[in-house]
Amino acid sequence: MLDRITMPKLALESKINFIEAQKFSLPNGIPLYYVNAGTQDVIKIEVIFRAGSREQDVPLVAGSTNSMLEEGSKKHTSEEIASLLDYYGSFLETSVQQDYASVTIYTLGKHLDKALPILEEIIKEPSFPQHELDIYLHNNKQRFLVDEQKERVVAAKNFPALLFGDAHPYGHKTRLEEFDGVKKEYLEAFHKKYYASGNCAIIASGKVNDVLLKKIGDYFGKGTTLPNTSTSAGDDKKFAFHSASEKINFIPSPKKDSVQSAIRMGRVLFLKNHSDAIPFQILNTILGGYFGSRLMSNIREDKGYTYGISSSVVFLQHAGYFNIGSEVGSAVCDAAVVEIYKELDRLCKEPVPADELQLVKNYLKGNFMRSMDGPFALAERFKHIWLHNMDYSYYENYVNALSTITAPQLMEIANKYLHKDGIYELVVGAKKA
């Protein structure tokens, strides 16, 4: 008879073998990394540039440049580009972060000859049509005005500024008037400087073969190698950050008679390659990194203060930070903050019980295995280490830590980074009496 009461024994390998990305250099020096995996004839090609918001001299220019790439080229309008992609069953994504920007196309292998020219065209020959730019700025300005009335958005925007300073590219707060400062010529200049071969890498995944690599080279491997124009942490003062002098911060709600408050708490951390990065991620999961975490158990399930609360670790190229976030009723905001500090203190003073630690280890191992499922997921895993100048040994160390880390080691990490005197606190909500 089938036993539906006893949980099956977990089969968790201490070493996980997965397909690694291979490197192929295009004639002009652009590195092309590829993951050949999967059974379906689907290809993902992501073209990455060191063209994130940290590179911009004028606010919003990096994001506007990236978003406007698909809004028209020298050969086709935005409508024509969309129609061509749709006809061949292809899908385009543009994305910009603090450190990099990317343009990604998903397409069937049989339509690669049709999709690649479109990808090349929008990257190399964008026209930045003025009427499309006006619509883009107008829409984003309206979205900004709506978001400015939401406590959680105000908190999310202001918290990095507390950690890094408003002048730092990781902490800058967007302002309404900055939308009016975005000009077509700024986008053209930014594109010319940063969307160049010296700042570029390509990651291809799916059913990749020599024919596909040659085709990518035909479209993106021509011309001479251009120099890397992105900034670096070693010689650029813009990466020196200045955290706020006050640890406890409050911003009144943008809405009159607000009944909700947004909470953000955390601190600046280290880079992804730091020796404490993996242990801290495990500790963070226990605290607030999954639905069964301590913060959820205490503040949602036991106290009923919120629908959701979580903690996270963010690794950027030149900094990292820890963040706790939630939205609670204004009447219980102070009590919720007290409970958060209690959970931080517990991690500093009490070893994590063996059964809880094993549960979290099993959860993280399962999550890791699931994140390696399929060629696109494998390519994402590679990108995460490549962006931080790391290799696959990072994942070996991660899996090993999930098997070997102990409660005393986690308590040592907590005492390094989770003491109250090192935590920044921001509440956006109703004015305190």
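Predicted model: local features only at pLDDT ≥ 70, side-chain atom pairs only at ≥ 80, totals over all residues.
Lining the second largest pocket are 29 residues, and those that lie nearest its centre are Lys272, Gln281, Val313, Arg381 and His384.

Helix α8 (residues 277-289) meets helix α11 (residues 354-370) at an angle of about 105°, and their axes are 10 Å apart. Since angles of 65 to 115 degrees count as roughly perpendicular, that is how α8 stands to α11. On the α8 side the contact is made by Ile282, Thr285, Ile286 and Gly289, while α11 brings Glu356, Leu357, Val360, Tyr363 and Leu364. By class, this contact between α8 and α11 has 6 nonpolar, 2 polar and 1 charged residues.

The largest pocket draws on other parts of the chain. The volume of the largest pocket is about 1200 Å³, and 39 residues line it, with Leu60, Lys157, His172, Lys173 and Thr174 lying nearest its centre. At least two lining residues are supplied by each of α1 (61-68), α4 (130-147), α5 (151-164) and β10 (320-329), and α4 gives the most, with 6 residues. The class make-up of the lining of the largest pocket is 16 nonpolar, 13 polar and 10 charged residues.

From the pockets we turn to the sheet. An open sheet is formed by 6 strands in the order β1-β2-β6-β3-β5-β4, and the pairing is mixed. The strands β1 (22-25) and β4 (91-96) stand at its edges, where each has a single partner strand, so one side of each is left without a neighbour in the sheet. On average, and with direction ignored, neighbouring strands of this sheet are turned by 20° against each other.

Across β3 (42-49), β4 and β5 lies helix α3 (residues 112-124), which runs at about 165° to β5.

Notes:
Residues numbered from 1 in each chain as written. Heavy atoms only, no water. Axes fitted to C-alpha atoms, helices over the stretch in contact; angles between N-to-C directions. Helix = DSSP H or I, 4+ residues; strand = E, 2+ residues; numbered from the N terminus. Parallel < 35°, antiparallel > 145°, perpendicular 65-115°, else oblique. Contact = heavy atoms within 4.5 Å. Nonpolar A, V, L, I, M, F, W, Y, C, P; charged D, E, K, R; others polar. 1 Å grid on protein atoms, 1.4 Å probe; cavity = no way out; pocket = protein on both sides within 12 Å on 5 of 7 lines; lining within 4 Å. Points joined across faces, edges and corners; volume = space filled by probe spheres on them. Pairing = 2+ DSSP bridges.
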